[in-house]
Amino acid sequence: MNLFSEAKQHFKRPQAELIYVPQFFSKAEADRLLQQLKIEIPWQQDDITLFGKTYKQPRLTALYGTTQKPYSYSNITMHPKPLTETLDTIKTKVETFSATPFNTILANLYRDGNDSNGWHSDNEKELGINPVIASLSFGAERPFHFKHKTIKTERHKLVLEHGSLLLMKGEMQHFWRHQIAKTKQPITERINLTFRALITPSEH
Ligand SMILES: O=C(O)CCC(=O)C(=O)O
Ligand SMILES: [Fe+2]
C-alpha cells in the first residue's frame, strides 16, 4: 500500500477542474514501468497536417484501445492496438482511482527537450461533452502549461513528476488549451499515457 497515493491536490479554476496525484506510483513501480513501456510499445513518428501543411509530429506515439474504433486528430487517423498486460493493469488502477471507465490509451514518448506537444484541447467529438482525461507521467519531469481561451490572466503551470497522475475534468477541454513545451534544458526521455473514453457515433 502506497501511503502517498491519497495525497491528491485539487485545482479549481473557472471552467476547469484538475486533480494531481504526485506519487500515484511509487518510485520503484514508476522506474519499472518507464523501462517496460519504453521497450514494449512500438513507438512511431507520424506525420500531421495542420492548415494544409504536413509535419513530422514532434514526439513518438502509439494508440491502444479495448475496441478497434479508429481515433482521429490533427488529420491523422490512428488504429488502436490491443492493450498489453502492462497497460491493462495500469488502466485498472487509473479507472479505480478516477471512478471512470476508459477504452483508449494514447501513449506519447518525448525523447528529449526538443520533443513537445503544442497548444491544444482534447475536444474531438468522439470524446463527448466534458470528457474526463487521465494522464500518467514517467521519466523526466516536464511542465504542463494550461491557459484559458479567453480569460488571459488564467495561465498556469504544473510540473508533472515521475509516477504522477493528472486528471482533467469539467468543461476544461472546451475553455482551456494545454501544452508540453520544448525546452533547451538537457533532459532525458518522458513517457505519457493519456486515458480517454471514446463514444460510438450513436452515443453523441
Ligand atoms: O504529455 C502530456 O502530459 C500531455 C499529452 C496530451 O496533452 C495529449 O496527448 O493530448
Ligand atoms: Fe492533450
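Predicted model: local features only at pLDDT ≥ 70, side-chain atom pairs only at ≥ 80, totals over all residues.

How many residues lie between β1 and β2 in the hairpin that they form? The answer is two, and Gln15, in the turn, has a positive phi of about 60°.

I turn now to the protein as a whole. It contains three helices and 15 strands. The radius of gyration is 16 Å, close to the 17 Å that the globule rule gives for 204 residues, so the protein is as compact as a globular protein of that length. Along the principal axes, its C-alpha atoms fill a box of roughly 45 × 40 × 40 Å. Of the contacts with a separation of 6 or more, 72% join residues 24 or more positions apart. Buried residues account for 31% of the 204 residues.

What of the interior? The largest nonpolar core comprises 40 residues, and those with the most contacts inside it are Ala107, Ala134, Leu165 and Leu166. Strand β8 (residues 104-110) supplies the largest share of this core, namely five residues. Leaving aside residues up to four places away in sequence, Leu165 touches Val21, Phe24, Val94, Phe97, Ala134 and Leu136.

Next, a residue in a helix: Leu87 belongs to α2 (residues 85-98). Is Leu87 buried or exposed? It counts as buried, because it has 22 C-beta neighbours inside 10 Å, and the threshold for burial is 20 or more. Beyond the residues up to four places away in sequence, Leu87 touches Tyr64 and Ile105. The C-alpha atoms of Leu87 and Arg59, 28 residues apart along the chain, are 20 Å apart.

Finally, the ligand. Which residues surround ligand 1? They are Leu106, Asn108, Asn117, Asp122, Ser135, Phe144, Leu160, His178, Ile180, Asn192 and Thr194. The elements giving two or more residues to this shell are β8, β14 (176-180) and β15 (190-196). By class, the shell has four nonpolar, six polar and one charged residues. Thank you for your attention.

Conventions:
Residues numbered from 1 in each chain as written. Chains lettered and ligands numbered in written order. Core = buried A, V, L, I, M, F, W, Y, C linked by C-beta atoms within 7 Å. Buried ≥ 20, exposed ≤ 12 C-beta atoms within 10 Å, placed from the backbone. Helix = DSSP H or I, 4+ residues; strand = E, 2+ residues; numbered from the N terminus. Contact = placed C-beta atoms within 7 Å. Rg over C-alpha atoms; globule rule 2.2 N^0.38 Å. Near = placed C-beta within 6 Å. Nonpolar A, V, L, I, M, F, W, Y, C, P; charged D, E, K, R; others polar. Pairing = 2+ DSSP bridges.
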